[in-house]
Amino acid sequence: MGNWVENEGLSIFVVLVWLGLNVFLFWWYYLVYDVPPKFFYTRVLLGRALALARAPAACLNFNCMLILLPVCRNLLSFLRGSSACCSTRIRRQLDRNLTFHKMVAWMIALHTAIHTIAHLFNVEWSVQARVEEKGTLAAVLSGLGDKPNESYVNFFRQTIANPIGGLYVAFTYLAGITGVVITLALILIITSSTKTIRRSYFELFWYTHHLFVIFFIGLVIHGAGRIVRGQTAESLAEHNPEICYKNFSHWGKNKACPIPQFSGNPPMTWKWVVGPMFLYLCERLVRFWRSQQKVVITKVVIHPFKTIELQMMKKGFKMEVGQYIFVKCPAVSKLEWHPFTLTSAPEEDYFSIHVRIVGDWTEGLFNACGCDKQEFQEAWKLPKIAVDGPFGTASEDVFSYETVMLVGAGIGVTPFASVLKSVWYKYCHDATNLKLKKIYFYWLCRDTHAFEWFADLLQSLEAQMQERNNAEFLSYNIYLTGWDETQATHFVVHHEEEKDVITGLKQKTLYGRPNWENEFKTIAGKHPGSRIGVFLCGPEGLADTLNKQSISNSEADPRGVHFIFNKENF
């Protein structure tokens with residue numbers, strides 16, 4: 001059970017606490033508006049819809065307080081790098097920041113739907129009460145405030161019947177206008193955040209996500225109109241609604257039942273979100289400050305498989321293995337920032353990223369760097385680049401294990417380029433203090449050209465391990481998942497050669513996909529009683545497979561073998 005919790009991303013404890021707080025807030029605020037005499041007359045007008053609108057509003061405040069925290073990247077990196085407050089288990093939770101961000105977003109969507117539907121009924125009944133025939137309690141309550149020295153309980157003061165009355169509230173009242181705006185903003189943010197949109201139309205996702213600014217402004221001022229009104233404490237002391245409601249026609253004439261007085265609830269949302277909004281503002285200021293620091297592109301390398309490598313330098317830049325940065329190229333877009341894993345090692349005097357050309361922005365970067373031209377590009381002609389980061393990821397913990405499995409799919413191999421380079425540098429100097437004793441490396445690719453830019457690194461590492469009589473340190477398996485008949489014939493002809501025909505490595509390329517169950521069982525047999533880190537940068541389908549294998553091949557005995565699954569998220 002413990003290992004299942006470790007491998008299920010966000011721990012069950014974190015999720016249960018979060019869900020429990022949502023349930024508690026919903027239940028508590030439902031009772032606050034459904035039971036006390038303060039809102040007795042408000043409930044006469046609105047019924048249970050009052051409590052059903054206010055309970056999700058409290059949950060919205062709570063979740064809107066949380067939604068910004070997982071995207072404060074600098075704060076998370078600071079916490080992740082602080083060994084004093086962050087154990088390995090806590091760092092693993094911080095690595096699931098985007099998972100939690102998405103969960104909170106869906107919870108916000110759920111409570112927004114409940115809140116909106118309940119208020120649709122509230123508005124309809126409030127409008128209806130203003131035009132209702134005289135002589136009913138609802139009509140008397142709605143008429144309060146029409147005379148001097150009276151305060152109203154029904155926020156709708158016009159006498160316009162539905163549906164025009166409802167539209168009047170939606171587009172002339174502050175609560176109505178802001179409600180419409182923030183709901184539309186939320187719909188656009190969520191619908192443009194689907195996996196298909198993010199991958200195929202990243203610019204659309206990027207720009208619509210920044211509607212969160214409008215969302216939060218509308219959220220903070222949404223309650224400023226104070227349309228939810230309850231009886232004042234002074235009035236309750238003189239007028240008991242549970243007794244006086246029966247004699248509503250004699251209010252003001254009977255000393256025991258004077259005319260009730262009402263006041264609106266003060267806006268509370270700002271108290272929930274001001275802290276996270278301040279932290280996020282600081283986050284953006286830090287990002288802006290970093291973006292103004294000079295970055296020099298020292299080298300641009302064109303690799304096969306539509307991939308370019310940018311080698312850069314920046315004063316004071318320090319990194320760890322597996323970290324990532326956000327990159328902006330003003331020549332392509334003045335606003336867009338895109339995440340890229342660092343492929344250089346901390347020991348190198350530059351930092352680098354590999355960019356696969358798959359969309360408009362990457363195509364623009366490719367052209368801005370002169371990669372579409374045949375002639376040599378002068379350094380001064382290279383575009384200006386802004387860099388934010390580096391930020392921590394799960395791959396930073398590679399050196400915390402004695403045994404690791406590194407799995408990369410396609411361009412997803414980039415985090416492990418940094419890891420393997422760092423291992424190579426450590427072995428070139430002094431590896432005696434290196435806790436890591438064994439690496440199982442798996443790389444899955446569809447196209448033979450994709451191997452070329454990474455093969456040189458593997459060849460160097462392979463040679464270095466052999467020189468130091470430690471060839472067993474790195475076991476790597478390269479899988480080609482796509483080929484045609486011509487390639488297959490070529491592979492068969494050259495199969496007996498000493499080095500692989502594709503990579504030039506002594507380890508031959510395998511064809512198809514790994515049998516992950518066999519791989520996990522074999523590794524578990526070789527390392528009994530070990531905690532084995534499993535690190536993936538690849539698609540969700542592969543992540544699900546490796547996660548399940550990590551759980552099923554881990555022993556219940558704490559002294560047995562345990563596979564700890566980690567996935568890159570950015």
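Visitor: Are helix 21 and helix 22 parallel, perpendicular or oblique to each other?
Guide: Angles under 35 degrees count as roughly parallel, over 145 as roughly antiparallel, 65 to 115 as roughly perpendicular and the rest as oblique. Helix 21 (residues 516-526) and helix 22 (residues 540-552) pack at about 40 degrees, with axes 10 Å apart. Helix 21 and helix 22 are therefore oblique.

Visitor: How far can I trust the details?
Guide: This is a predicted model, with residues numbered from 1 along each chain as its sequence is written. Local features need pLDDT of at least 70, side-chain atom pairs count only at pLDDT 80 or more, totals for chains, interfaces and linings use all residues, and side-chain values use heavy atoms, leaving out hydrogens and water.

Visitor: How are helices, strands and angles defined?
Guide: Helices (H or I, at least four residues) and strands (E, at least two) are DSSP runs, numbered from the N terminus. Axes are lines fitted to C-alpha atoms, for helices over the stretch in contact, and angles run from 0 to 180 degrees between N-to-C directions.

Visitor: Which residues of helix 22 does helix 21 meet?
Guide: Contact means heavy atoms within 4.5 Å. Helix 21 contributes W516, E517 and F520. Their partners in helix 22 are L542, T545, L546, Q549 and S550.

Visitor: In which order do the strands of the parallel, six-stranded sheet run?
Guide: Two strands pair if DSSP finds at least two bridges between them. Strand 12 (510-511) and strand 14 (562-567) each have a single partner, so they stand at the edges. The sheet is open, and its order is 12-11-10-9-13-14.

Visitor: Where does G408 sit opposite a residue of strand 13?
Guide: Strand 9 (residues 403-409) and strand 13 (residues 531-537) run parallel, joined by six bridges. The residue opposite G408 is C537.

Visitor: Which strands does helix 22 touch on this sheet?
Guide: Helix 22 packs on the sheet, and its direction makes about 160 degrees with that of strand 14. The strands touched by helix 22 are strand 9, strand 13 and strand 14.

Visitor: Which strands are at the edges of the three-stranded sheet?
Guide: This open sheet is antiparallel, in the order 6-5-8. Each edge strand pairs on one side only. They are strand 6 (338-341) and strand 8 (386-391).

Visitor: What covers the buried residues of helix 12?
Guide: Buried means under 20% relative accessible area, exposed over 50%, partly exposed in between (1.4 Å probe, protein chains only). In helix 12 (residues 202-209), F202, F205, W206 and T208 are buried. Their cover includes helix 10 (174-191), helix 11 (195-200) and strand 6.
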